[in-house]
Amino acid sequence: MNHDSIIRQPLVVGGKTPTDVTADISRPILNKPSTSWRVGFVISFIFLLLLVWTIGYTVWTGIGVWNINKSVMWGWDITNFVFWVGIGHAGTLISAILLLFRQKWRMSINRSAEAMTIFAVMCAAIFPVFHMGRVWVAYWALPLPNSFGSLWANFQSPLLWDVFAISTYFSVSLLFWYLGLIPDIATIRDKIKTKAGKFWYRVFSMGWTGSTRTWARYEVVSLILAGLSTPLVLSVHTIVSTDFATSLVPGWHTTIFPPYFVAGAIFSGFGMVLTLLIVARKVMNYENYITIGHLEAMAKVVMLTGTMVGMAYITEFFVAWYSGVEYEQYAFINRATGPYWWAYWSMMFCNLVSPQVFWFKWARTTPWFIFMISIVVNVGMWFERFVIIVTSLHRDYLPSSWVMYSASWTEIGIFLGTFGLFFTCFFLFSKFLPVINMSELKTILKNRE
Amino acid sequence: MAPSVKYWKGEDELLRDQAFTTSQKNEFAEDLPLQEVLEESNFELNSSRRDFLKYFGFSVTAVTLASCFKAPIRNAVPYLVKPEEITPGVPLYYSSTCGACATACGVEVKTREGRPIKLDGNSRSLVSNGNDRSPEAKGSLCAVGQASILSLYDNERLANPLKKGSESDWTTIDAEISKSLNDLAAAGSGIAIVSGSNHSPSTLRTIADFTGKYPTARHIMWDSVSYSGILEANETDFGKKLIPSYYFDRAQVIVSFGADFLGTWISPVEFTKSYVRNRVPAQGKEMSKHIQFESNLSLTGTNADDRFPMKSGNEGIYLAALYNKIAQAKGGKQIPVATSGELAGNSIAQTAEMLLKNAGKSLVISGSNDAKLQMIVNGINMMLGNYGQTIDLDNHSNQFKAVDRDMDTLLADINSGKVSGVIFYNVNPVYSHHQGKAIKEAIGKLKLSVSTASSKDETASACAYVCPDNHFLESWSDAEPKAGQFHFTQPVISPVFNTRQAQLSLLSWSVGVLSPEKDPMADKQIMNQRFQTSPFYTYMQTVWQEKLGAENFQTRFNQCLHDGVLTSEPKTTVVPAYASDLTAIGSYLDSTVSKEGQIDLVLYQKVGLRDGAMANNPWLHELPDPMSKVCWDNYVTLPKSLAVSKGIELGDTVNIKAGGITLNNVPVIIQPGQANGTIGLALGYGRTAAGKVGGSTEKAVDTVGVNAYPLFQGTSSSRSFVVRGVEVSKGDGTYALAQTQTHHTIEGRNHVREATFTDWKKNPKAGNDEPKPHMYTVWQTPEYRRKGATGHLWAMAIDLNACTGCGSCVVSCSIENNVPIVGRKEIILRREMTWLRIDRYYSFSNDGTVIKKENEHYEGAYLTKEKGLEALDKELSNKQGAAYAHYEHVKVVHQPMMCQHCGQAPCETVCPVLATTHSTEGINQMTYNRCIGTKYCGNNCPYKVRRFNWYRYNNNSNFDYHFNNELGKMVINPDVTVRTRGVMEKCSFCIQKVQEGKLRAKREKRSLNDGEVKTACQRACPANAIVFGDLNDEQSEITKLYRNERGFHVLEELNVQSSVKYLTKIRNTETV
């Protein structure tokens, strides 16, 4: 029932046939890993070990090995948490909202974007768990029945909302991703030669036959999950933002946070997708599948959301002035001119100024340039969270408790370590699972016969 | 007729079998396998496979379960025979005397299960309550006294006597020392006992016994920080070598030249108590006026109404100017001085005017140790008629008697061979004398050198014998801090180590070894020898029998011990005869005047560490200096102008050179309020043999700070705190000081509110702005906060006007609540754990007034004139605004800050696990066991009073501040949980005390009285600035204070409804 437009640019170039698609995309899985994959994996794995070590050190010795203090009680930990959660958002947006809007160009990138979501949420979850002073009783944050009488979680606390939001988000994203993988896993099952491979792909393909009835069910479930995911795109970061917005710390206590955080999350998510895919399409020779057109579309999203975020920054300033609250006013002046001015202006430059280059066609269509900007965006969004968390806390109400904060090597190590976890997962994903949704992609090929 | 039916159970019954009928008579029809079980036959091989598996399974599981728990070995000593007075869980209080310094305040010792855990002021002691003879008097104790309890549990105290550095036993040591003393006396060589100022009747008798036995022996007193100047001036002027009593509450005008009488000078608790009485504004009562002239910003200076930076080197000139002004009015002789002694704003002249107006109701004091300057002070007070009014020579102080000169004489005598045996009775001149090195060498020449130091300090290390003294809480003694006021010391714990109180050591060497007296209770109880009463108890009784008389002696003596004090009626004070002629001093004063551009170093004591004797006490290091908020170090305090001209910034170091002594790379603080042309440095630091906390070369522990004692320039009579002509240059490298507060100004926020006394008289709400509008809450007022609610509603009020910022409450809170000590590194990371902190805010006198009078303004002017300063000021003003011009003229507000127990607490809503909740008595409670450590509450606390346990501070070798060993842990208050790592903690309003009070009242079937429950901070506060109580009690003091117009809540506009109310600071800045 596909009607190919004669006018529209093809979404997959290079005159690929369905056979080509299967061959191209399953090649990394069926062949031995390339040298570049091995090198990348080993480096990522070393960073993963760094994560294990730094977290182990923290849990063994105490949160004291971080440099957070009596006033800035959240530092890099929650900065990184929000950073990683934000990154996840692009995946959900691409797979859910773009699916509902029938944006077919998403088909080349949704698989990897969703994978990115899952890995990013995994990285994110590490921080709120291990920033707890007594991580061994972290489960107390869940409303579990217990033998202590009336002990129950505090449903007023945004941290509890976080627990629900993140766990829902993770499980729905994982389901959605896995569901989309089933037909492709079945394809691999049919092609793979090794015994172990045959066994595992058989298990995970869940007896996929490719019958019409199966496909029909598949489509329906996809739509349902897309429908479920859609509000999550908005809700997760909204709830993360309430961690700050419902508090009374000047600079946190702001009603603009929910939309501003969501825009920021999509912004940073697309930044990360661009970073990953520009490398992946080059290394894995997927230029025909992830085309310049894809990059351009995403660059436009980055520009749009970047501008939205920038507008939020400026609005915050206006509101601080307009509110007439001296603490609020000071908090914002302190952001821009206080001891952490460099973080603020880095954020402003990276998030508001740099995406504006995408007004130019050249900038939107030159992969190496987009790659550079995507890195800048990632850096900028990290700084945004740092600015919000640290500069608000380090000077709040009573000047006697004003402090400075800089991260310890353990905190830096944990952050770098989460990149290790993220890329280790990503490398494993690219080795063992099709990075592009083969079955969906075949539906948008121009020459299917 | 119903048919007769016979029922039968079985054939056996039916047939009436013999065996069956017999068995039926038994309780159990069948044989029980008892024998089998008893013989354990089942465990033998004939048991079935299933049984075997059952037993096997059970035993394996049982053994496994049992071995899962490693039963901790706990040392508990149960009472075999419970002492009559001890009930586990119920504290016992004893009266005693603080031995932390010679001031000897009366203390109340709280003991639990036989171990002292807290010291507080004894309300009956006039020293602790500030000469209040009324029954409502409240005694307090300073931070040093509070902290001294930890020294009892210092496991670095000597456990045995030392002979030439190695452990020995008392018998050997006594024999050798006695022999040596006899030999010396026989040979006619001099023997000296060097003690600190001592006013204990029994101890002095001990020493008299000693000197009586050895005719060549003499007793000299010597203090690390002495009051020689006052002693000698009074000797010259009045023929009395003593320190008078000062009554600050009777003075309408208090003028202090560098005397830190609220912090460190003579008897700070007593002075604070009496000072504050006239400082809390009440309608129809005049508030006293306090003027302070000083170089370093002292605690007293921060409380002054007017504080004038003064170059201490020129103090004599200013005193002379003041003297001359008053003499002019009173028709006395002038002191001829060539140099004009006037400070900016004619402050000397104005001070003179105010003094004259309040003659007989004023008090002039000086912290100088120069007898000549003290004579001018005496002269001024004499002309003003303050003697007999605010100064009392008849009911004088005995607290400090030592004169610096005596040590110089002794040193010369040792070097000339006149003295060959010295007993250092708890003094440490090798460390704290400026000629410490020479003294150490001289000790080497002695035939007999004995120290009674309780730890191996600098002097003890040099001595041949160390006979460790008990801690004062292990000793019997007495004291006479003021004429006619006796204090008693009684042991509250038997000696922890094999130590012996120094008096007994002296007696052992003079009248012979005293055998311990049998405890009168010993017959009734099973006790070993260690529990026998010290023989000094008997000795003390004989001394007191002479004083009290034999009649009914034991009862009266026991009453003295119970009260801790014996106070006689004060003598009537008479104005002493005075005939001194000061005209000769003029030329001397002119010779001392600082040259232009000369930098004077002013040595001072810190409120925490004082003279450094207790340098191994971590609480004193952790207590932030009230002004600089620096812990764990001393540092050079620089005026801004000097720092800028030398390019020195915070974090840099300086080298200072004075009289051949160089101190290199000393950290600096740019101290607002430091007079231009002066720098300050605290004494008491840089110990090399204090221990693991205070620094020890032997144990390879770095010294804490630098030793400033060598900088004392010994004058002929006394050691002057002013070191003239110091060279200051920028040092190498940087040094991070541990400060608990790094942002010094208040950014124009209204957290502290103040008004002048004149404004307050017109409007009691002056300076106390109305809360901002739009206070709206979505929550309902809880039941217990509504009108007419029964039950308690706890609240606190803190009078900013009374609070001097001394820090006694901080230490008291830490001790009461087992707050961990975290050390320098953690404080640099801003992780101090104190539940109660004192925020200190500087403000510049932006209204430009010094003393308001007829529109005289001194805005922009340096108060002290220094060479090149105006040019510098101009340059700075262009760069940074005019604020620098006022840098040495700052005002200070101290604001104690602890958990505000908000009614709508921001911390409570954000905790995901409900670990912090609100009680129905208005207390914000922390459930440590439930806390998972998200720290969200800490972020959301607008007062930043929540403290997180970053590490497990107890049992962590990185935090070895006496809480990490069995002995040190004995100081822990058993009523308060020791928090584990990873949980949040904060002020609980001393909930354990509230609970204790409620239970007591319940047991006695009455309601809780107002003031019955006192929080630790309130109990400790020498200024009575903290009041805690029940707001639902209409008659309570707290309810009255809540109605005071001066009351305000910090951050009222957040509508968190805090339970702590502050009362505005009122300054008497007008001329009086």
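# A walk through a two-chain model

Start by selecting strand β34(B): β34(B) runs parallel to strand β43 (residues 1060-1063) of chain B, and four bridges hold the pairing. Keep in mind that what you have open is a predicted model.

**Stop 1: around β34(B)**

While β43(B) is still selected, pick out K1061(B), the bridge partner of A797(B).

Is β34(B) enclosed or open? Strand β34 covers residues 794-799 of chain B, and six of its six residues are buried, so the rest of the structure largely encloses it. Show the side chains and see which way they go: W794(B), M796(B) and I798(B) point one way, while A795(B), A797(B) and D799(B) point the other way, and all are buried.

**Stop 2: a buried helix**

Next, select residues 808-816 of chain B, which make up helix α26. This helix is mostly covered, with nine of its nine residues buried. Among them are S808(B), C809(B), V810(B) and E816(B). Then step just past α26(B) to N818(B), where phi is positive at about 50 degrees.

**Stop 3: two open sheets in chain B**

Colour the strands of chain B and look for an open sheet of seven strands in the order β5-β4-β16-β15-β14-β6-β7, with mixed pairing. Its edge strands are β5 (166-167) and β7 (217-221) of chain B, each pairing on one side only. Zoom in on β4 (residues 162-163) and β16 (residues 465-466) of chain B, which pair in the antiparallel sense over two bridges. L162(B) has V466(B) in β16(B) as its bridge partner.

Now move to another open sheet of seven strands in chain B, ordered β30-β20-β25-β22-β24-β23-β31, again with mixed pairing. Which strands stand at its edges? They are β30 (722-723) and β31 (727-734) of chain B; each has a single partner strand, so one side of each has no neighbour in the sheet. Further in, β22 (residues 636-638) and β25 (residues 678-682) of chain B run antiparallel and are joined by two bridges. To see one pair, select T637(B) and its bridge partner in β25(B), G680(B).

**Stop 4: the domains of chain B**

Zoom out and colour chain B by domain: domain 1 (11-68), domain 2 (162-226 + 403-513), domain 3 (229-397), domain 4 (595-739) and domain 5 (754-845 + 896-1067). Domain 1 and domain 2 of chain B have C-alpha centres 80 Å apart.

**Stop 5: where the chains touch**

Show both chains and select the contact, which takes 37 residues from chain A and 42 residues from chain B. On the side of chain A that touches chain B, α5 (158-191) and α10 (326-337) of chain A are the elements giving two or more residues. α5(A) gives the most, with three residues. By type, this side of chain A divides into 21 nonpolar, 12 polar and four charged residues.

**Stop 6: the largest nonpolar core**

This core has 409 residues, and V273(A), I376(B), L601(B) and L603(B) touch the most other members. Its largest share, 15 residues, comes from α8(A).

**Stop 7: two loops in chain A**

Go to the loop between α6 (195-205) and α7 (212-245) of chain A and select M206(A). M206(A) is not a glycine, yet has a positive phi of about 50 degrees. Most residues other than glycine have a negative phi. M206(A) is exposed, with 11 other C-beta atoms within 10 Å.

Then find N285(A), in the loop between α8 (257-283) and α9 (292-323) of chain A. N285(A) also has a positive phi, near 55 degrees. Is N285(A) buried or exposed? N285(A) is exposed, with 12 other C-beta atoms within 10 Å.

**Last stop: confidence**

Finally, colour by pLDDT. Chain B averages 86, and 90% of the residues score at least 70. Select residues 846-868 of chain B, where the pLDDT is below 50; this stretch has 50 contacts in the model beyond near neighbours in sequence. Residues 879-884 of chain B are also below 50, with seven such contacts. Where pLDDT is low, predicted coordinates should not be read in detail. For the complex, the predictor gives an ipTM of 0.92 and a pTM of 0.88.

Technical notes. Residues are numbered from 1 along each chain as its sequence is written. Chains are lettered from A and ligands numbered from 1 in the order in which they are written. A residue is buried if 20 or more other C-beta atoms lie within 10 Å of its own, exposed if 12 or fewer, and partly exposed in between; C-beta atoms are placed from the backbone. Domain bounds come from an automatic or database domain assignment. A nonpolar core is a set of buried Ala, Val, Leu, Ile, Met, Phe, Trp, Tyr and Cys residues joined through C-beta atoms within 7 Å. pLDDT is the predictor's confidence in each residue, from 0 to 100. Two residues are in contact if their C-beta atoms, placed from the backbone, lie within 7 Å. Two strands pair if DSSP finds at least two bridges between them. Ala, Val, Leu, Ile, Met, Phe, Trp, Tyr, Cys and Pro count as nonpolar, Asp, Glu, Lys and Arg as charged, and the others, Gly among them, as polar.
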